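Please keep the structure in view while reading.

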There are 2 protein chains.
Amino acid sequence: MTEMHLRDALDTLKSTGVRITPQRHAILEFLIQSMIHPTADDIYRALEGKFPNMSVATVYNNLRVFKEIGLVKELTYGDSSSRFDFVTNDHYHIICDSCGKIVDFHYPGLDEVEHLASHVTGFQVNTHRMEIYGTCPTCIPQVTKV
Amino acid sequence: MTEMHLRDALDTLKSTGVRITPQRHAILEFLIQSMIHPTADDIYRALEGKFPNMSVATVYNNLRVFKEIGLVKELTYGDSSSRFDFVTNDHYHIICDSCGKIVDFHYPGLDEVEHLASHVTGFQVNTHRMEIYGTCPTCIPQVTKV
DNA sequence: TATACTAATTATAACAATTATAAAGTAAGA
DNA sequence: TCTTACTTTATAATTGTTATAATTAGTATA
């Protein structure tokens, strides 16, 4: 699973003429196998064992590159720093207001909203984003108790 | 229309025990009558004529207060700074990728998504956000032309 | 395989949005 | 009016992100 995604991602790099460096390889690998929708800093700290000299700028630069070629999505929630998500099939996120955990879920039918929005506003629609906020099962007891 | 919203908003302040200061009054008034979903800095600059000594911190503090009592929503898109939106009835935003314009539109049926998400993930759902991205009618000619 | 060219990385500085702090000022109830 | 707790102000600090310039390293080509 991870290997397949990684191989696909590296192919995408090759076919778009983006050089495959050890840092890029490692960042992609981490993004793919990570389930935590990491921040740039998460990635930086996760890889500083393997690349003691890597600069934060490298992380940001490459995340920008990955975004440009469509491998990665940037998630900007209310909190200070962006999170990054390796793009597989379309999914949405549900976020715990209490502990911040992000869980993926899938919902097929949001194309209709795009059509309506396009019709009402005259925009040419490209894409959309949606997030749901709530309390995760782990946090419900704490939040509910008086 | 503006007056009504403003009166309601001031009532909300009173009933939640938040003091009504001239700065708060002006920030709310600006948020309500402004159609541009302003940034904190937009607000600050819009009011520096009326309040030459107002501090940016005041703007941020009060936007936080307004958010806490539900008068205002913070919109965090990809770009650097947050935008703020006075909460009236539920609406969504469609954003032009080319010029950044934000247009409101209304769509009733997203409760179903909340239910499904709740069912699949076990979360207790509070709210959601959605934005649509595309090209606005004004920008379509520029983007389309070869 | 060696060479050369171009792009990527690093280290650092700069920047910009936001938040923290402490002192001075003020809204609103007694 | 007086008092007190909350707000504002001014400023400094913090933090996430980007720009710069020099060094390093992929990759195509011979």
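**From the DNA surface to the chain contact**

DNA strand D is surrounded by 26 residues, the closest being A57(A), S82(A), T21(B), M54(B) and T58(B); a residue is near a strand if its C-beta atom, placed from the backbone, lies within 6 Å of it. Two or more residues each are given to this surface by α3 and α4 of chain A and by α2 (22–33) and α4 (56–68) of chain B, where helices (H or I, at least four residues) and strands (E, at least two) are DSSP runs numbered from the N terminus. The largest share, four residues, comes from α4(B). By class, the surface near DNA strand D holds 10 nonpolar, 12 polar and four charged residues; Ala, Val, Leu, Ile, Met, Phe, Trp, Tyr, Cys and Pro count as nonpolar, Asp, Glu, Lys and Arg as charged, and the others, Gly among them, as polar.

The model is predicted: local features need pLDDT of at least 70, side-chain atom pairs count only at pLDDT 80 or more, and totals for chains, interfaces and linings use all residues. Residues are numbered from 1 along each chain as its sequence is written, while chains are lettered from A and ligands numbered from 1 in the order in which they are written.

Helix α4(B) has 13 residues and reaches 19 Å from its first C-alpha to its last, close to the 18 Å expected at 1.5 Å a residue, the expected span being 1.5 Å times one less than the number of residues. Its buried residues are V59(B), N62(B) and F66(B). They line one face of the helix, because they fall within an arc of 75 degrees seen down the axis of α4(B); the arc is that of the directions from the helix axis to the C-beta atoms. On the other side, V56(B), A57(B), R64(B) and E68(B) are exposed. A residue is buried if 20 or more other C-beta atoms lie within 10 Å of its own, and exposed if 12 or fewer do. The buried residues of α4(B) pack against α2, α3 (40–47) and β1 (72–75) of chain B.

The contact between the chains takes 33 residues from chain B and 33 residues from chain A, with contact meaning C-beta atoms, placed from the backbone, within 7 Å. On the side of chain B that touches chain A, β5(B) provides the largest share, 12 residues. Strand β5 (residues 124–135) of chain A runs antiparallel to β5(B), and 11 bridges join them; strands pair if DSSP finds at least two bridges between them. Within this pairing, I132(A) has H128(B) as its bridge partner.

How values were computed
Contact = placed C-beta atoms within 7 Å.
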